[in-house]
Structures are given as structure tokens and as C-alpha cells.
Amino acid sequence: MSSGEVVIELRDVVKRFGNQTVLDGVTMEVHQGEIVVVMGGSGCGKSTTLRHMIGALHPDEGSVRIFDRDLATLDEAQLNEVRKQFGILFQSGALFNSMSVADNVALILEEHTSLDGSIIDMMVKIKLELVGLREASDKFPSQISGGMKKRAGLARALALDPKILFYDEPSAGLDPVTSAAIDRLMIDLTRKLGVASVVVTHEMDSAFTIADRMVMLHHGRVLMNDTREAFERLRDWPEDQMDELDESQRLIRQFLRGDAEGPMTEPDSVEGDYAADLLGVDHSKLTGGRSIQTTRMVPHMDRPGFIRRLFSRLGGRAS
Ligand SMILES: Nc1ncnc2c1ncn2[C@@H]1O[C@H](COP(=O)(O)OP(=O)(O)OP(=O)(O)O)[C@@H](O)[C@H]1O
Ligand SMILES: [Mg+2]
């Protein structure tokens, strides 16, 4: 799945807010046609990483390249051209409540293309059909369920035929069945449209269902970056062979399994603090990050309007 060209490349990205180093040398790549899941404890820098990818934040050090263009070298107009190739699914779907589902999708096309109304109508139908929501096109956001809002948000994200889709916590607030349906849809769209997808999620079931590759962040560093299969091996590592794993691998294993017991939760252990930290439980006691790099990190490499407002909003603190 990762045979496609590199569409996103983060190289040694450092980001500081005040005296807090939020990203501490993040290097990762996303290839055309693959789903990369970014995970890790709360506050480890997942959303900040995503915001760098969409150019809503710029690194203090290092570089972010999209389609082989360094975002830092682009002016605002060029950046907006690049952003037109992105589709972003917000946590809430971020629909306009005063407009029908169809009009929410149409709005993007009206703002960013000069297509005829009849063609826009047809394109809206196609997008809604893609996400299985055509029958709800005349409904208002208040009249549809959380899962349907996600679908509508996704239809809107797809409006301009993006090459990269970004999702931040797509299953947040959904029941398991709806969440599984959204997982299916993400896989489906990635395969059908050949796009690259970057998904930030806490949900391990979802991560293992959708990911081609997974990146585990911890305190703004990449702790592990590898295929889903490699993460699965670690998750399913037999209990009686634990002595073959080093402490960090055991911690990642516990994180992946969501186990209540393990090195993360052992009292009075320094590594236990580290583990709690990994889960975002306690940020104050980290004693030093060991790093596992199992990855084969091959060094590969306007219109001011709705999209810009969206991106400037994403530059803020809100997830
Ligand atoms: N604009 C900002 N200004 C200052 N600090 C920020 C800003 N954005 C993020 N941070 C800090 O950076 C750290 C990482 O935040 P980020 O939102 O990337 O975490 P996350 O991994 O997405 O967490 P969560 O799982 O809770 O969404 C946090 O400590 C957060 O408070
Ligand atoms: Mg976040």
C-alpha cells in the first residue's frame, strides 16, 4: 500500500509554544493511496502534527513538504492552491446549521469553482452518494444523527476531489456500530479514490481496522513508525515471551491493548511514570524517552474564502 509516491513528508519538525516543545523532531512520510494512523496519548502532539501537514502551523525547525513542495516557501495564495487538494473532516463535522446537507456541500463548490448550478447539483449528488447520504440531502444538520453528520462532513471534504484526506478523531462521540461504519467508509474512499489519508485517533480498534501504517507519538517524538502488521505483532506478543521485549516495547504493547495491567500501571516504577505519561495521565514525571525506530524510513524525499477561514481556525488551539 505504501508503494505510491510520497505526498507528505515531515522532516525533523520541531515546534515550540512558549517554552514548551510540542514537536521534538518529528519525521514521517505519507504515500499516495495509503492510510496512516497517528496515535499516542493525549497532548503528545497528534493534532499539532496534523496542523503542520495542512499548513495551519509552520515548524520552528525542520520542514513540511506536500507534493514535494516545502510549505514554508509558499506564499498565502500558493498555500491555498495546495490546500484545495486537501479534504478535512472536523471532529463535529462543522456543518452550517442553517443549510441543508446538500447546500453545505454545494457551498464549497460555489466558492471555489465557477461551475454551473446544474453541474454543482450533480456533483453534490455524487459526493453524497459516495458517503451513503443521498437520501438525506434536504435535511438540516439538526435533523440528522452524529454519524450522518460525519458523513455529511466527509461529503463536504470530498467536494473538491482532494488528493489527501485528513481526519482528526473521526470516531469521537460515535457508538461502536456507527464508528465501524465510518471506518469502512474511510477505507472505501481511500481505495476508490486513491487518495492518501491521515487519521488521528485514540480508538485502537479503529486504528487497527483502517491503518496501512501507524505512527506512535510520545511527547512530540516518533516512538514507533511501522506497518500495521508490525504493530499487531507487538500488540499480540505472547505474555510468556515478554522478556524478549524491551521496556518501551512493553509499554507500547500495553497502550495498543489498552490493558489495565502492565508496566504502565505498575506503582513506584520510574517506567510506570513514563507509561502514565504515554497515556497522557501525567506529564510531569517523564524521565527520558527511549525511542524505537523499527521503521524502514526510506528518505524519499486565490481565492480568500471558506478554505482560508477554515485553516486559520485550525491554526488555533481547538482540536
Ligand atoms: N496553539 C497552541 N498554543 C500553545 N500550546 C499548544 C497549542 N496547540 C497545542 N498546544 C499544546 O501542545 C501539546 C500537544 O497538543 P495537541 O493538540 O497536538 O495534542 P494531541 O496529541 O492532539 O492531544 P489530544 O489527544 O488530547 O487531542 C499540548 O500540551 C497542547 O496544550
Ligand atoms: Mg488532538
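User: What makes up the shell around ligand 1, by class?
Analyst: That shell has 3 nonpolar, 6 polar and 2 charged residues. Ala, Val, Leu, Ile, Met, Phe, Trp, Tyr, Cys and Pro count as nonpolar, Asp, Glu, Lys and Arg as charged, and the others, Gly among them, as polar. The model is predicted: local features need pLDDT of at least 70, side-chain atom pairs count only at pLDDT 80 or more, and totals for chains, interfaces and linings use all residues. Residues are numbered from 1 along each chain as its sequence is written, while chains are lettered from A and ligands numbered from 1 in the order in which they are written.

User: Which residues come nearest to ligand 1?
Analyst: Phe17, Ser42, Lys46, Ser47 and Thr48, of the 11 residues around ligand 1. A residue is near a molecule if its C-beta atom, placed from the backbone, lies within 6 Å of it.

User: Why is methionine 186 called buried?
Analyst: A residue is buried if 20 or more other C-beta atoms lie within 10 Å of its own, exposed if 12 or fewer, and partly exposed in between, with C-beta atoms placed from the backbone. Methionine 186 has 22 within 10 Å, so methionine 186 is buried.

User: What does methionine 186 touch, not counting residues up to four places away in sequence?
Analyst: Ile35, Tyr167, Pro170, Ser197, Val199 and Ile210. Contact means that C-beta atoms, placed from the backbone, lie within 7 Å. Methionine 186 and valine 199 are 13 residues apart in sequence and 9.4 Å apart in space, C-alpha to C-alpha.

User: How do you know that strands β1 and β4 pair?
Analyst: Two strands pair if DSSP finds at least two bridges between them. Here 5 bridges join β1 (residues 6–17) to β4 (residues 61–66). Strands are DSSP E runs of at least two residues, and helices are H or I runs of at least four, numbered from the N terminus. Leucine 10 has valine 64 in β4 as its bridge partner.

Conventions:
Two residues are in contact if their C-beta atoms, placed from the backbone, lie within 7 Å.
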